[in-house]
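Dear colleague,

I am passing on the structure below, followed by notes on what was found in it. Please read the notes alongside the coordinates.

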Amino acid sequence: MAGGVYLVDPAGAELGLVVLCGLPVEVYVPWWRMSLASHGPNPDAVREERLVWVGCQEEFARLYPRAAASIPYRLAFAVSPLKGLRRCWGTLILLWPPSRPARLDPRERGRIALSARRVARVLDAAVPPPVIPDRPRFVPLHRPGAAQAQSALAAAGLVERLSLGALALDLEGRITFANTAAAALLGRPVEQLLGTQPLQSLPWLDNATCMDAYRTAVTSHEPLTLTVLRPPEQWLDFSLHPDDSGVSILVSPRRTADHPSKPVRAHTAPTGALTASRMHLLVHLAAALTETVGVQDVVDLLADQVLPAFGAHGLILSTTEAGRIKIIGHRGYAPQVIAQLDGLPTDADLTPAGHALATGASSFFADPAELARAYPRAPQTSDKQAWAFLPLIISGRPIGCCLLAFNHPHPFATAERALLTPLAGLIAQALDRARLYDAKHNLAHTLQQTLLPHTLPSLTGLDVAARYLPASHGMDIGGDFYDLIRLTDTTAAAVIGDVQGHDVTAAALMGQVRTAVHSHATAGATPGQVLTRTDRDLADLGTDRFVTCLYAHLDLARHQVTLAGAGHPPPLVRHPDHRARAVDIDPGPPLGIGMGTPSYPLTTLPLPEGTLLALYTDGLVETPGTDIGQTTADLVQHLAKAGDLPLHHLVDSLIHHTGPTDQHTDDIAVLMLQRT
């Protein structure tokens with residue numbers, strides 16, 4: 001039925017549609033671009049380099065509920081990665097009407113894979129590599145040898161004699177035929193209709209409801225009827241009949257007293273074939289906004305989902321601070337424009353944004369002249385031509401303003417305004433949650449960075465490197481810590497630990513544990529005594545968190561290290577001959593679990609010149625679905641084969657060996673020491 005090609009952008013962050021056939025490009029506007037980080041058929045095909053098949057709408061909703069909420073059309077599709085010689089270029093997507101079998105047989109899979117390989121070979125050979133255009137290219141389907149069973153002239157005469165209006169649309173959505181009755185009903189001469197898209201030549205059809213009806217017909221290949229008001233008071237029934245070659249549309253006046261304001265399903269259309277587009281969009285955005293975490297997530301979602309849905313080109317999200325507008329996110333505006341707008345007074349008479357923040361009322365401006373009449377003092381800093389200023393209200397109080405801007409004049413229909421109002425409410429709730437999260441996160445992150453050592457002491461004969469990586473999900477903070485404590489000119493204590501939890505409490509307790517260890521170590525306690533006394537300190541604090549810890553006393557004069565562990569993963573040691581192993585220590589219980597006065601056995605190792613010791617937290621070796629023993633063994637092997645890399649490069653190599661740094665589910669601390 002239709003197909004297209006997506007390419008990964010140079011930054012590796014987005015997929016962009018470059019070519020489409022079988023469907024009008026405008027029908028596909030909401031999906032011209034999509035984030036590679038999102039969960040959907042195209043991103044999954046690229047990330048996992050596999051064919052994704054969805055045979056029906058029910059399967060789509062089960063596999064990709066968020067994506068299915070925004071694509072409520074009955075269809076089947078396959079997405080195949082375009083795997084080239086050195087990279088995955090993107091995806092090939094193929095769409096079928098719902099009448100095809102829900103199962104993809106092996107022969108079809110083979111043909112799809114072969115087609116994807118052919119496209120990938122073309123991309124490999126392209127010099128220069130193709131770029132993602134602003135507007136995807138439409139490629140018409142060629143049907144050679146199609147027999148004309150009837151005379152085109154006779155068919156045109158037949159349609160011309162009908163009292164019903166008749167239109168024919170090609171696969172690009174352009175009108176290729178219109179009879180006289182259609183021209184009269186639509187209020188346009190035939191010559192002004194031919195070669196145009198109905199939404200362009202008939203502005204009263206340019207709304208979300210009509211676009212959704214058309215999109216439903218061409219994607220599902222099922223007939224449907226909708227009723228539309230042609231200004232000022234003429235109601236028309238449009239009956240759409242799509243197939244693989246285009247869409248036939250019958251237009252007739254509605255003479256009954258009942259004039260519905262939204263689409264009516266044809267009796268031939270199955271239940272659910274056409275649903276109000278505003279409900280789909282709001283449901284989709286509501287589901288998507290619940291997954292946002294920080295303010296930047298909200299901005300990215302609005303830019304990726306809302307702008308394409310409304311055909312907008314710019315976005316500014318702002319709040320107030322000390323009586324001035326504070327811009328917290330934007331898209332589609334140059335930095336110098338944002339710099340001029342950021343910090344303007346929240347004067348309701350100066351700018352529409354100030355008016356929205358002061359009164360909680362929306363403002364819509366279809367062109368620059370309309371804006372200038374209402375706000376003559378407003379700064380004209382960009383080339384945008386139409387604007388919607390939406391107040392973001394929580395508990396009756398405006399907390400911000402969302403600006404949607406358009407590159408061309410844009411009259412805001414009543415239905416569009418009615419959709420933007422509840423959308424602003426959803427954005428406000430998400431923004432309020434996101435700002436609270438960002439505030440907590442910034443507080444916790446600042447606390448954690450303050451408590452971790454900014455620099456490590458230097459000792460003659462000891463090379464040191466350390467890293468801390470927060471988890472890639474959640475609060476982005478944790479209780480992992482490390483330290484190197486200089487005791488004398490030839491002795492030092494290295495400590496690494498992990499406080500239970502990923503929140504402000506964990507970060508604060510981490511600081512208390514680190515202080516306690518430092519105090520006991522500098523007081524001359526042995527490794528076992530340091531852990532025992534720190535355990536007692538935790539009991540006195542009355543915390544319900546436990547802590548794992550590994551303490552190493554380094555004696556450079558005696559060339560030895562003494563270890564004591566409290567439920568912590570064993571360290572790794574690499575000998576001067578590059579043999580590596582995990583140290584077999586006898587750990588005691590974690591700190592803070594209330595076992596009275598626990599004992600912590602000691603393990604002593606020789607520390608000749610060239611010996612390397614790696615201390616780490618469990619985030620380095622614990623990966624969902626993998627065996628921790630095997631992961632540790634892989635690290636040991638990697639350490640042995642790493643060669644004589646500088647220590648700072650070696651610690652980075654060790655972390656990257658366990659997986660991409662943006663996919664760790666737990667925070668990671670690594671402290672690496674080498675006798676020199």
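The charged end of Arg87 sits over the ring of Trp89, at 4.2 Å from its centre, where a charge sits over a ring if NZ of Lys or CZ of Arg is within 6 Å of the ring centre and within 35 degrees of the ring normal. Likewise, the charged end of Arg100 sits over the ring of Trp96, 5.2 Å from its centre. This is a predicted model, in which local features need pLDDT of at least 70 and side-chain atom pairs count only at pLDDT 80 or more, while totals for chains, interfaces and linings use all residues. Residues are numbered from 1 along each chain as its sequence is written, and side-chain values use heavy atoms, with hydrogens and water left out.

On aromatic pairs, the rings of Phe, Tyr and Trp (its six-membered ring) pair if their centres lie within 6.5 Å, and planes under 30 degrees apart count as stacked, over 60 as edge-to-face and the rest as tilted. By this rule the count comes to nine aromatic pairs. One of them joins Tyr28 and Trp31, edge-to-face, with 5.6 Å centre to centre and 65 degrees between the planes. Tyr28 has a relative accessible area of 8% and is therefore buried (buried means under 20% relative accessible area, exposed over 50%, partly exposed in between, with a 1.4 Å probe and protein chains only), and Trp31, at 14% relative accessibility, counts as buried too. The rings of Phe406 and Phe412 have centres 5.5 Å apart and planes at 75 degrees, so this pair is edge-to-face; Phe406 and Phe412 are both buried. Ring pairs also link Phe60, Tyr64 and Phe77 into a cluster.

Asp644 lies in the loop between α18 (628-641) and α19 (647-657), helices being DSSP runs of H or I with at least four residues, numbered from the N terminus. Because its relative accessibility is 69%, Asp644 counts as exposed. Asp644 and His578 are 66 residues apart in sequence and 9.2 Å apart in space, C-alpha to C-alpha, and their side chains are joined by a polar contact of 3.0 Å (a pair of N or O atoms within 3.5 Å; within protein, one must be able to donate a hydrogen and the other to accept it, and residues adjacent in sequence count only if both atoms are side-chain atoms).

Best regards

Key:
Helix = DSSP H or I, 4+ residues; strand = E, 2+ residues; numbered from the N terminus.
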